[in-house]
Structure formats: structure tokens, C-alpha cells
Amino acid sequence: MSLYCGIASRRKILWCYRLLSTYVTKTRYLFELKEDDDACKKAQQTGVFYLFHSLAPLLHTAEHQYVVPWFSLLEVERLLHKFGQDTQRIEDSVLIGCSEQCEAWFALDLGLNSSFSIHASLPKSEVETELKGSFMELRKALFQLNSMDSSLLFTAQALLRWHNGHQFCSKSGQPTKKNIAGSKRMCPSSNIIYYPQMAPVVITLVSDGTRCLLARQSSFPKGVYSALAGFCDIGEDVEEAVRREVAEEVGLEVESMQYSASQHWPFPNSSLMIACHATVKPGQKEIQVNLRELEAAAWFSYDEVATALRRKGPYIQRQNETFPFSVPPKLAIAHQLIKEWVEKQTCASLPA
């Protein structure tokens, strides 16, 4: 039975929320918006909107960092009118969170377009001029975003991409329709409900006790090495996926493993990164790189990894220069795994 059954007004709902903790209040409020289209439309009246263009967020530059601007519903409506578009386009927005005061946050893409859509793409450069900002590729902006903004944009981009790619029912072939919050899509023909999903990925830092194993793909920036990662196969649990990925990619057998943390990662599509530490069996230290999966893999010492962690900011590629060994940025969970390993090695070296 719903907690809010029989409560008609939003004022009473919010009064009920105040009796709960801040986290529970936000969670219950967002649940209400996802399940009630009318409530979500009301929330748009007082909410804020983050704008994208073809999945690139609008950003402002301030003191060598990117700032994520937000806009009221009235400001978005004025923008749409200025470029000759109907405010019905706001229905394409998706709910991405709310503040502690239950101010709803939405994301709206002004550039995504499809052959059957009634909404045309707004001109990118003209919108940038009007809003005094730039639509930046999210992956390239990571180094200049704080963790809160990046998490918010990760969620927004992932939801916008999912809706753009799931506009037809896989059974009937008919167009699907999103609810106001964007938490699901439904096919009126087959009555199938589709929910946004993430693909589970294991990301594993392998160690032999004194060294850690890092690898790189050809798509990585020059010099960057990371932990091993791969999608979970159907039917696998996390432990099986870790052992298989390590065996497939570097030809080593895992003796033990330990879960560390998880992270949503939107690139190239939404994945749930499940981070683990793994130790290989004694005597199995010779790497056999699977060149179908990796460009290179190697064992790195504590000193090498600790030095890479201390390196500040992204490495700038310059012609005819060598590339120092680097690790992923702080926002990536691979960075956390590597940092945890270094801290463990540091503690182990301290006198008792």
C-alpha cells in the first residue's frame, strides 16, 4: 500500500516528508514524481533544468573549472519560443534528482532529433551564444568538473541517451511513450514497460603481493594504464566474471578477490562498474596479453604507481615527446582501486 494513499494535496505530502530523514524524504519524493505524471508536471513548475545538445551538457567556464548552469521552467520556455519551438518539447525532459528542499532537477536535450520526432534540433552555436556557454563533450570536461556536478551529468546523459535509443518496442515495432519523469517507457500496442538499465562490468586491480597489474587499450590517452575491466556474461556472478576476465585478458589465475565499491559510468553506454581487488596464485606472474582485448599490460611497482597518483591533472600530448606512465582521473573508480592498493602497501611497510 502506498504511503501517500488518500493524501490529495502536495502540501500534505511535503508535510508528511518532513517527518522523515532528509535522505528518505528525497527518495520518497522522487518516487512520487516517477509514479505520478501530474505530480511531476507540478514539480517542473518550481524545478530547474540542465540543458544538453546531442548529449553534450551546457557548461560555463569559471576560474579554470567548468560550472554547470541551470534554468527555470520560464527561462526554458522563453528559449524555446525564441527559436520557434513549442513548449511541448519540455515533455522530452527527464527527472535526474532533487535538492534537500525537494526542488526537482530535470535534464533536457535541445539537439537530439529523430525522423519521426515533431521537435527539430535547435541550432547549437546560436543557443550557446544566447546562453553564454558551450556544449562540451562530457568525457573531455571530466578533469574540470567537481564530483557532484559530474555525478549529476552522468545520470542526465545516461537517461537522455537511453530514451533516444529506446523509442520503439522490440516486440511490436511501434513507438514507445515515456512517462513525464522519464523513469520508464511503455508500448501502447504490446503494453510492455521498458525501464532504463545499466550493464554490469567488473573492474579488477590484480596484485601479486608487491606489484599491481595495469593494462591499456589503444583508445586510452597515451601513457594511461588502468585496471582490467569487462562485462559480466549472462549467468555469471561477480566472482566468476573477475576470474574469467583476468584469465582472458592477461592469462593469470585469480586466487582470491575482495569487493571494493561500485560506480555508474556513462561511457560509452551506461555501465555499473563493480570494483574489486584480486590476488593471483603464487608462481603465476608471467603476463600473456590478449591482443584482441588489450594493447599492453605490465606489472608496476609501488614507487611507479605512487608517483603516477601524485601527478596533477591530465597529461597534455605534445609531438615528439615520450609519455609518462599515468593513471585514470580521480572521478574514475579505477583511480580509487589504485589508490587503495597504494595505501595498503604503505601501511604494510610501516613498522609495527
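Tutor: Let us begin with a term: a residue is buried when its relative accessible area is under 20%, exposed when over 50%, and partly exposed in between, using a 1.4 Å probe and protein chains only. Helices (H or I, at least four residues) and strands (E, at least two) are DSSP runs, numbered from the N terminus. This is a predicted model, in which local features need pLDDT of at least 70 and side-chain atom pairs count only at pLDDT 80 or more, while totals for chains, interfaces and linings use all residues. Residues are numbered from 1 along each chain as its sequence is written, and side-chain values use heavy atoms, with hydrogens and water left out.

Student: How many residues of strand 12 are buried?

Tutor: In strand 12 (residues 212–216), five of the five residues are buried, so the strand is largely enclosed by the rest of the structure.

Student: Which residues of strand 12 point one way, and which the other way?

Tutor: In a regular strand the side chains alternate between the two faces of the sheet. Here Cys-212, Leu-214 and Arg-216 point one way, Leu-213 and Ala-215 point the other way, and all are buried.

Student: Which strands do bridges join to strand 12?

Tutor: Two strands pair if DSSP finds at least two bridges between them. Strand 11 (residues 199–207) runs antiparallel to strand 12 and is joined to it by two bridges, with Val-206 having Leu-213 as its bridge partner. These strands form a hairpin with four residues between them, and Gly-209 in the turn has a positive phi of about 115°. Strand 16 is also antiparallel to strand 12, with five bridges, and the partner of Leu-213 there is Trp-299.

Student: What covers the picture for strand 6, and how many of its residues are buried?

Tutor: Six of the six residues of strand 6 (residues 104–109) are buried, so this strand too is largely enclosed by the rest of the structure. Ala-104, Phe-106 and Leu-108 lie on one side, with Trp-105, Ala-107 and Asp-109 on the other. Strand 1 (residues 48–53) pairs with strand 6 in the parallel sense over five bridges, whereas strand 5 (residues 94–98) pairs with strand 6 in the antiparallel sense over four bridges. Phe-106 is the bridge partner of Phe-49, and Ala-107 is the bridge partner of Val-94.

Student: At what angle do helix 2 and helix 3 pack?

Tutor: Two packed helices are described by the angle between their axes and the distance between the axes. Axes are lines fitted to C-alpha atoms, for helices over the stretch in contact, and angles run from 0 to 180 degrees between N-to-C directions. Helix 2 (residues 22–35) and helix 3 (residues 37–46) pack at about 115°, with their axes 5 Å apart. The two helices are therefore roughly perpendicular, where angles under 35 degrees count as roughly parallel, over 145 as roughly antiparallel, 65 to 115 as roughly perpendicular and the rest as oblique.

Student: Is Gln-288 buried or exposed, and which residues does Gln-288 touch?

Tutor: Gln-288, in the loop between strand 15 (271–280) and strand 16 (296–300), counts as exposed at 52% relative accessibility. Contact means heavy atoms within 4.5 Å, and, not counting residues up to four places away in sequence, Gln-288 touches Glu-249, Val-250 and Gly-251. The C-alpha atoms of Gln-288 and Val-250 are separated by 4.9 Å, although these residues are 38 residues apart along the chain.
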